[in-house]
Amino acid sequence: MEHKKIAFIGAGNMVKAIVSGLITDGYPAELIRATAPSMTRRLPLEQNYGISTSDNNVESVNDADIVVLSVKPQMMQEVCAPLQNINWTGKLIISIAAGIQCSRLSEMLGGQENIVRVMPNIPSQIGLGMSGLFAPACVSQADKGFAADLMSAVGKVCWVEKENQINNIIAAAGSAPAYFFLFMEAMQAEAISQGLDKKTARLLVEQSALGAAAMVQSNPNTELSTLRENVTSKGGTTAEALRTFNQHQISDIVSKAMQAAVARAQAMEQQF
């Protein structure tokens, strides 16, 4: 990965995750800066990773080659307004904000078009993230490569060809950890109701989920349906549990939930 000066605008959990991943991979701390109004946000980044921090966005952007915008969508207009007169020549912007299209972000930044949109998810905090990326045609392969390398520091990446597919990434990855947490939560609750203590119930659920995910990863050429079939003996307990899921139309529930996530993402694009 080429070493360039990176300015993170924002100092939240996702920035912390990316900075941690970069430093672990050997990226020079002196090339990384993060900005936030609050020293409470900035100080842990300085202490834990040795990077510099600031409350001056304009100064940080001026000095950077790569600008990573990691602020809430509703704050983006306010954050970008002072940056409109920046000389953006040679700089790449990476946006980690849901609901703001490249064209709208370009408007907020006074016409800058060298933008890559990224949609990461929360497991990035432990280096197991899944990030979807999109770049307009004007973005060079070198800049796209840097963006991919940056997010690879916290997990795996994939590219989409159309910007509206970022909304599909949100439904299939960005929001997805919460789906699994909800399912695991329900399993734990039922195990407790059947007489197991909370600690044991959680251990059973989390290890089973971890093992299932590891089996999927270890068998990349095996269809998910085949993996399911391999643990489903005809007339057995698993078959009966799956019959109950299907009776209550689990596939339809999942489909509608993911469609709802996409619809909400599309609605957010109209707000900003």
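**Exercise 1.** What separates Asp-252 and Lys-256 in helix 12?

*Solution.* The model is predicted, so local features need pLDDT of at least 70 and side-chain atom pairs count only at pLDDT 80 or more, while totals for chains, interfaces and linings use all residues. Residues are numbered from 1 along each chain as its sequence is written, and side-chain values use heavy atoms, without hydrogens and water.

Step 1. Asp-252 and Lys-256 are four residues apart in helix 12, so about one helical turn separates them. Helices here are DSSP runs of H or I with at least four residues, and strands are runs of E with at least two, numbered from the N terminus.

Step 2. An α-helix has 3.6 residues a turn, so residues three or four places apart point the same way.

Step 3. Asp-252 and Lys-256 form a salt bridge, with 3.2 Å between the closest N and O atoms. The term requires a side-chain nitrogen of Lys or Arg within 4 Å of a carboxyl oxygen of Asp or Glu.

Step 4. Asp-252 is partly exposed at 32% relative accessible area, whereas Lys-256 is exposed at 53%. The classes are buried (under 20%), exposed (over 50%) and partly exposed (in between), with a 1.4 Å probe and protein chains only.

**Exercise 2.** Find the salt bridge partner of Arg-243 and classify both residues by accessibility.

*Solution.* Step 1. The side chain of Arg-243 meets that of Glu-240 at 2.7 Å, N to O.

Step 1. Both residues lie in helix 11, three residues apart, which is about one turn of the helix.

Step 2. Arg-243 is partly exposed, with a relative accessible area of 42%; Glu-240 is also partly exposed, at 42%.

**Exercise 3.** Describe the salt bridge of Asp-143 and Lys-4 by distance, location and burial.

*Solution.* Step 1. The closest N and O atoms of Asp-143 and Lys-4 are 4.0 Å apart.

Step 1. This pair links distant parts of the chain: Asp-143 belongs to helix 6 (residues 141–152) and Lys-4 to the segment before strand 1 (6–9), 139 residues apart.

Step 2. Asp-143 is buried at 13% relative accessibility, and Lys-4 is buried at 17%.

Step 3. The structure holds eight salt bridges.

**Exercise 4.** Which residues form a nonpolar patch on the surface?

*Solution.* Step 1. A patch takes residues with over 30% relative accessible area and no salt bridge, joining like charges within 9 Å and nonpolar side chains (Val, Leu, Ile, Met, Phe, Trp, Tyr) within 5 Å.

Step 1. The members are Phe-183, Met-187 and Phe-245, with about 260 Å² of accessible area together. Areas come from the Shrake-Rupley method with a 1.4 Å probe; for residues, only the protein chains shown count as cover.

Step 2. Phe-183 is partly exposed at 38%, as are Phe-245 at 35% and Met-187 at 39%. Met-187 lies in helix 8 (residues 176–193).
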